[in-house]
Amino acid sequence: MPDTDLSGLGRDARHLRLDTFVRLRWLAVTGQSAAVVGAQFGLGLPLPFGWCFLVIATSSWLNLALRIRFPASYRLSDDSAALLLAFDIVQLAALLFLTGGLQNPFSLLFLAPVLISATALPPERTLALGLLAVGLATLLALVHRPLPWFADGRIELPFLYVSGVWTAILLGTAFTGVYAWRVAEETRLLAQALAATELVLAREQHLSQLDGLAAAAAHELGTPLGTIMVVTKELIRQLGPTASPAVAEDLNLLREQVDRCRGILGKLTSLDGDGVGFLETVTFSHLVEELVAPQRALGAALDVTSAGDGPEPACRRNPGVMFGLANILDNAVDFAEARVSVEGRWTPDRVWIEIRDDGPGFSSEVLLRAGEPYVTTRSHDRPQSGETVGAGLGLGLFIAKTLIERSGAQLALMNVAAPDAHGAIVRVSWARHIFERGAAPRHSPELSIRAPLPPRDAVPI
């Protein structure tokens with residue numbers, strides 16, 4: 001699977017469609033027109049009716065121009081979206097200037113463009129738009145046309161009240177902007193992290209399909225290879241007594257290679273028929289050994305134990321769970337000073353795996369925000385190994401937690417509590433009936449459950 005630039009996912013997801021802005025502006029135009037018509041003809045307030053509709057018409061003309069110039073699916077850049085929102089702020093300020101400035105109760109609509117920017121644009125653009133809104137509100141507090149009223153056509157509210165409205169706009173802009181940006185940013189980060197998780201799971205599922213493809217290939221190649229074997233035996237029987245030494249040596253070599261091919265195809269066939277496949281039913285001990293096998297092959301110092309009460313549980317092999325556990329074990333090996341212990345235990349009710357290292361342990365931030373995306377367990381100066389999707393982005397623990405918890409497991413992170421020891425502990429536990437869900441019955445004649453891999457013969461998978 002090709003590498004994926006996860007940061008690009010966030011940039012593409014941030015850009016909004018032009019159609020969204022156009023629809024929102026039509027909604028604003030409708031609301032402004034209704035307010036002006038209602039105040040002029042419904043309430044009988046003396047508004048500068050022509051000037052107000054001229055300001056509203058500018059938004060309509062801009063919408064028509066954008067609709068003609070660009071397709072509805074066009075996505076705006078950050079700068080273009082910020083300019084359109086700045087136009088909306090200026091247009092609203094012009095309309096408020098004609099209708100009483102901050103004395104107009106609709107002056108709180110200054111918050112709307114800033115709120116939209118906070119959810120869709122980078123913080124720098126939102127800050128600029130917020131400053132523009134506050135600046136124009138300040139200007140409107142000092143310079144504006146009189147607020148239309150019933151009796152003599154004008155009313156002047158105390159400056160203290162106007163100052164209170166200005167303060168409300170200032171604080172509202174700051175609070176709603178920061179709050180909306182924070183919520184939207186967490187949503188974006190979570191969406192990107194979930195996308196990375198899906199990429200990892202898809203890669204693991206592709207790998208899990210290789211055993212089935214290998215078994216199918218072995219079945220297809222079995223017939224022609226059998227034919228070659230028969231022909232080779234016939235040639236040896238017919239030419240053996242009279243063949244020259246060179247021809248006899250070639251025939252023996254051909255037979256040896258055919259036997260070797262049959263052995264290889266036999267192993268591949270066992271991937272499908274003897275339960276060696278990725279999605280087979282495996283015992284808990286074998287699951288633990290399969291987890292530590294790649295690290296043993298790399299020379300890591302591991303202490304592995306697997307024991308429990310009652311019959312040993314078995315499970316349906318899950319590529320996502322294996323990837324998540326391997327990710328946690330990789331981190332433990334990277335941070336350990338000397339050794340890593342992997343302990344598998346089971347009882348009649350529960351099954352769990354505990355991975356413990358003697359490294360510095362988890363930081364307080366990781367323990368508080370365990371499993372959230374973009375919370376990395378690595379320091380910036382620590383070298384990273386491997387090509388895992390999301391490595392170095394703080395996604396490793398999130399991906400592992402997501403994949404493991406999909407199987408019904410619970411993941412707990414803690415530090416060693418002993419005063420004379422240090423290190424990190426990760427415990428993954430299942431209710432036994434959930435762990436064994438989907439596993440084939442032990443008495444099934446079609447499936448044989450393998451014994452654990454011998455530690456000295458463990459090989460990477």
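**A quick tour of the chain**

Of the chain's 461 residues, 38% count as buried (under 20% relative accessible area with a 1.4 Å probe, protein chains only; exposed is over 50%, partly exposed in between). This is a predicted model, so local features need pLDDT of at least 70 and side-chain atom pairs count only at pLDDT 80 or more, while totals for chains, interfaces and linings use all residues. Residues are numbered from 1 along each chain as its sequence is written, and side-chain values use heavy atoms, leaving out hydrogens and water.

**Overall**
- You'll find 14 helices and seven strands here; these are DSSP runs (helices H or I, at least four residues; strands E, at least two), numbered from the N terminus.

**Helix 3**
- Helix 3 covers residues 49–69, and its 21 residues should span 30 Å at 1.5 Å a residue (1.5 Å times one less than the number of residues); its end C-alpha atoms are 30 Å apart, which agrees.
- Its buried residues include Cys52, Val55 and Leu66.
- Among the elements covering them are helix 2 (18–42) and helix 4 (78–98).

- Five strands make an open, mixed sheet in the order 2-4-5-7-6 (two strands pair if DSSP finds at least two bridges between them).
- Strand 2 (302–308) and strand 6 (410–415) are the edges, each pairing on one side only.
- Strand 6 runs antiparallel to strand 7 (residues 424–431), with six bridges.

Key
Contact means heavy atoms within 4.5 Å.
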